[in-house]
Amino acid sequence: MDKYLNIDHVSIDFPTPNGPFRALDNVNLKIEKGEFVSIIGHSGCGKSTVMNIVGGLYKATEGGVVLEGREVDEPGPDRAIVFQNHSLFPWLTCYQNVELAVKSVFGASRSRKEIRDWVEHNLELVHMTHAMHKMPSEISGGMKQRVGIARALSMEPKVLLMDEPFGALDALTRAHLQDSLMDIQADLNNTVIMITHDVDEAVLLSDKIVMMTNGPAATIGEVMEVNLPRPRKRLALADNPDYNHYRSEVIHFLHERHARKVA
Amino acid sequence: MKDKLIYFLELTGFTWFIPLVRLSAGESPKHQMQELGKMVGVPLFAIAVFLFLWHLGAAKVITSLGQVPGPTQVWEQVNVLVDEHYEARDREQAFYERQEQRNAAKLEKNPDAEVTIRPYTGKETFFDQILTSLFTVFIGFLIATLIAVPVGIVAGLSDTLYSALNPLIQVFKPVSPLAWLPIVTMVVSALYVTDNPMFEKSFITSALTVTLCSLWPTLINTAVGVSSIDKDLINVARVLRLNYFTTVWKVVIPASIPMIFTGLRISLGIGWMVLIAAEMLAQNPGLGKFVWDEFQNGSSSSLSRIMVAVLTIGIIGFILDRITLSFQKFFSYDKNAVIR
């Protein structure tokens, strides 16, 4: 119980015409401060549901989530979310998108100049200052996701939640953003939960990989610690036997023990 | 400079002039001439064909008021109406001058004399009637907007309220203005009782009829626009713990602005159409009354004058639509969307 974030015996039922559908069953996970945790599993296994419960967007039917000794049951900026499709407000510039978040979280406690500096600082972190006054429709998908990450970081969350943040991007852009995220993580040492279905991404970024069984009534199948030294370099790791060992562990889990019955 | 001008022309709907701008900037003359031919030449040709067919067809029909007017007779009446307008203005000015002289003379004889200043009571001209119509439709449309947008937003955010309102909307939406008018007239007569009325009853009746008929498209479009906002955008607002009003103001309204404006455009179009019928029956001194009076008048030029009104109504409706379209383009955040 002394862990930073405690997902405690969480189950969730969704109502359907044929009675309640149990999506998650007895999910138990303890996360330490500063840990980078990936949740991996086949699509439809409920990994996004786990994140939505931690984020407070869904309410668990049984069990609950405790963050720093307090139960969370509604969304809040202490658990900022990076959505898969960036979810920037299309009528605001990149700067204004981050500014809206900063103002609603720190509007009361910080001066105008502090707010401006903080917005710019966060855009700087994701290397987006050059396009900060552009509209989201004028920049590429990868850049939008960078701004989405800046917006989430600007809320100074206790836990950063990322829902397949790079899932909609092409492979090269994805690699770029993963490297950026690792740099930022080395600086800020945030507690992160990332949902992914990409094995390489999970092994490269995480301290801990949580592998989920298939639904219905999905739960945690295995938790694997990734003890690769940081900073991790994509190129160097390609031939690293440990890296490949972790990789094959996850692949075995996903495609042997818990292969999807119907493709 | 050139790009800004082109953007402005695009925004205001004067797309006809874009090739001219490009041409004067020396941009591939051949291509621009082709564009000009396509955008200006083709419509002008179509109008010419229409006028010719009208001319031929009109001559074949003889009514009790004489031959159906062709383009030439209608154009004559346009000039007559303009002349009448200036004549009436001259008469009005002469009236006020006479009154002033009379009063001045009276005061000269006896400085304590009571002078009466009477307003001119001549008949409204065609152009006065256009202004009355525009003002009436604007007020009716404004009331409709003030009701429809807030109700639409609240209904779009709440499924329960939407299902509650939906049957009512669907039932009242197709009702003709002519059916509303007697009820509105009676209600206005019963409720609007003052000794010193600020507005004519006929004006209020017409404006409210416009409101009742133009309410629905904005209401429906706003509700649909609000309910179809990307759920993740709402989730962002929830993560930021924005309260209900901030969420509406910062997220819901900007996200549904394009749909709201689509609704407003349809509403204004319907309002303008409805107004003419309402004015005819309510005797509000606008274009509808003009048509009705000319029809009752039954002179040999009546049909031509009504035709002038028909074209005026059409052209003003077109201009109103262009204005709202410009607003729609201006307020839409997706500048690449093709809005027609």
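User: Before we start, how are things numbered, and what makes a feature count here?

Analyst: Residues are numbered from 1 along each chain as its sequence is written, and chains are lettered from A, with ligands numbered from 1, in the order in which they are written. The model is predicted, so local features need pLDDT of at least 70 and side-chain atom pairs count only at pLDDT 80 or more, while totals for chains, interfaces and linings use all residues.

User: What makes the size of chain A agree with a compact globule?

Analyst: The radius of gyration is taken over C-alpha atoms, and the globule rule is 2.2 Å times the number of residues to the power 0.38. With 263 residues the rule gives a value near 18 Å, and chain A has 19 Å, so the two agree. The C-alpha trace of chain A spans about 55 × 45 × 35 Å along its principal axes.

User: How many helices and strands does each chain have, and what makes a run count as one?

Analyst: Both are DSSP runs numbered from the N terminus: helices are H or I with at least four residues, strands are E with at least two. On that basis chain A has 8 helices and 10 strands, and chain B has 12 helices and 2 strands.

User: Why is α4(A) called mostly covered?

Analyst: A residue is buried if 20 or more other C-beta atoms lie within 10 Å of its own, exposed if 12 or fewer, and partly exposed in between, with C-beta atoms placed from the backbone. In α4(A), 12 of its 14 residues are buried, including A:M143, A:V147 and A:L153. The cover includes β6 (81-82), α2, α3 (112-125), β7 (159-163) and α5 (171-188) of chain A. Over the whole chain A, buried residues make up 42% of the 263 residues.

User: What makes a set of residues a nonpolar core, and which residues have the most contacts inside the largest one?

Analyst: A nonpolar core is a set of buried Ala, Val, Leu, Ile, Met, Phe, Trp, Tyr and Cys residues joined through C-beta atoms within 7 Å. The largest has 130 residues, and those with the most contacts inside it are A:V54, A:V98, A:L123, A:L161, A:I193 and A:V250. Helix α10(B) gives the most to this core, with 16 residues.

User: What makes A:V54 count as in contact with other residues?

Analyst: Two residues are in contact if their C-beta atoms, placed from the backbone, lie within 7 Å. Leaving aside neighbours within four places in sequence, A:V54 meets that with A:I7, A:V65, A:R79, A:V159, A:L161 and A:I193.
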